[in-house]
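Please brief me on this model. Cover the sheets, the helix packing, the cavities and the aromatic pairs.

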Amino acid sequence: MARALELALRGLYTTHPNPRVGCVIVRDAEIVGEGFHARAGEPHAEIYALRMAGERARDATAYVTLEPCCHWGRTGPCSNALLEAGVTRVVSAMQDPNPRVAGGGHGLLRAAGVQVESGVLEAEARALNAGFIKRMSAGMPRVRVKWGASLDGRTALANGASQWITGSEARRDVQCWRAQSSAVLSSAATVIADRARLNVRLTAHELGIEGAVRQPVRVILDRELRLTPDLPIFDAQGEVWIYSASDDAAGRAVLENVGATIIPAPLAASGTLDLRWILRDLAQREINDVWVEAGARLGGAFVAQGLADELMVYLAPMLLGHTARPLAELPGLTELTQAQRGQWQDVRRVGDDLRVVLSCAE
């Protein structure tokens, strides 16, 4: 199963919106077939492994990181393929959270006399597909909020200057996280101020993949349709989805003319766009993982509303002082017991900076 997870990891940058899955087929203590799912619409991991195994799949054991599917989607059901190949034992890391499968694949195999086991290295398998699992089980994508800051938690000088607080290695690391994500989300204010493209600028070779680099959808929250067609974000590859509450038909037409998709969104009681509604809409559009690159206000709103699953902060070895702009705008507290707390997931050095990952407590 550990080998199957290694194989699944090869789809880290490419499988959206599908889960990352690996499969290993073993007969007489020998690996006879391996495979992983690379892209939606292409064969699943089990199919590649069965092709490699050929006749040696008969009476073999298949180790797969996710319950074999039992429905027709972009491809056929893997559970049927395993039965036709004569596999007699299937070990999966976890049950598929997709309601169209959710135990059905295991049930079909058991009904046909195949020995089925599940729960092997489940924690590792769940971590690999946390966004997919959340979308399927909660109807929401996983949300990571990224910030780059000084050691004293400042993201820009009082005049807005922020290039570059973190170093080149940290910026390259951010590119890898963008590439893993289904969508990169920001605000119109950030896109305008930074003239941001928010796309992946690493090559396929640099990411270690074959074929073209998949560009995440750029999701921009623009309540009043402030974006203009001359901004660099419309020059970059990949889709741009704009959530807005504006009824400006002319402004909408101008942005649609440069390829943007405008999605009407409701306002929350605060008068800002309803973030929870937007996340649910993104999930319905098959977005698993959202990478938030925004300022203190929007990033802080995700945290304050309990919508952030993880915070990823790159800390630079510098101090900017109390007049510089803060990391996040959060509601004021009167007692320490009101503070939101999380759990450290990872702390490591990236170039001259530290990358700190915090999971947000529910």
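**Strand pairing, cavities and ring contacts**

Ile 25 has Gly 33, in strand 2, as its bridge partner. This is a predicted model: local features need pLDDT of at least 70, side-chain atom pairs count only at pLDDT 80 or more, and totals for chains, interfaces and linings use all residues. Residues are numbered from 1 along each chain as its sequence is written, and side-chain values use heavy atoms, with hydrogens and water left out.

- An open sheet of 5 strands runs in the order 2-1-3-4-5, and its pairing is mixed. Two strands pair if DSSP finds at least two bridges between them. Strands (E, at least two residues) and helices (H or I, at least four) are DSSP runs, numbered from the N terminus.
- Strand 2 (30–36) and strand 5 (115–118) are the edge strands, each pairing on one side only.
- Neighbouring strands in this sheet are turned by 15° against each other on average, direction ignored. Axes are lines fitted to C-alpha atoms, for helices over the stretch in contact, and angles run from 0 to 180 degrees between N-to-C directions.
- Strand 1 and strand 2 are antiparallel and share 6 bridges. Their hairpin has 2 residues between the strands, and Asp 28 takes a positive phi near 55° there.
- Strand 4 (residues 89–92) and strand 5 run parallel, joined by 4 bridges. Ser 92 has Ser 118 of strand 5 as its bridge partner.
- Helix 2 (residues 45–53) lies across strand 1 (22–27), strand 2 and strand 3 (61–64), at about 140° to strand 2. Contact means heavy atoms within 4.5 Å.

- Strand 8 (residues 183–187) and strand 9 (residues 217–221) run parallel over 5 bridges. Ser 187 is bridged to Leu 221 in strand 9.

**Cavities**

- The whole structure holds 2 cavities of 30 Å³ or more. A cavity is a set of points, on a 1 Å grid over the protein atoms alone, where a 1.4 Å probe fits but cannot get out; lining residues have an atom within 4 Å of a point.
- The largest cavity has a volume of about 80 Å³. Its lining has 13 residues, with Thr 15, Asn 18, Arg 20, Asn 288 and Asp 289 nearest its centre. By class, that lining has 3 nonpolar, 7 polar and 3 charged residues.
- The second largest cavity has a volume of about 30 Å³. Arg 20, Arg 142, Arg 144, Gln 180, Ser 181 and Asp 289 line it. This lining has no nonpolar, 2 polar and 4 charged residues.

**Aromatic pairs**

- The structure holds 2 aromatic pairs (ring centres within 6.5 Å).
- One of them is Trp 177 with Trp 291: the centres are 6.1 Å apart and the planes at 5°, so the pair is stacked (planes under 30 degrees apart).
- Trp 177 is in helix 7 (residues 168–180) and Trp 291 in strand 12 (residues 289–293). The pair links distant parts of the chain, 114 residues apart.

Notes:
On a 1 Å grid over the protein atoms alone, a cavity is a set of points where a 1.4 Å probe fits but cannot get out, and a pocket is an open set with protein on both sides within 12 Å along at least five of seven lines; lining residues have an atom within 4 Å of a point. Grid points are joined across faces, edges and corners, and a volume is the space filled by probe spheres set on the points. Ala, Val, Leu, Ile, Met, Phe, Trp, Tyr, Cys and Pro count as nonpolar, Asp, Glu, Lys and Arg as charged, and the others, Gly among them, as polar. Rings of Phe, Tyr and Trp (its six-membered ring) pair if their centres lie within 6.5 Å; planes under 30 degrees apart count as stacked, over 60 as edge-to-face and the rest as tilted.
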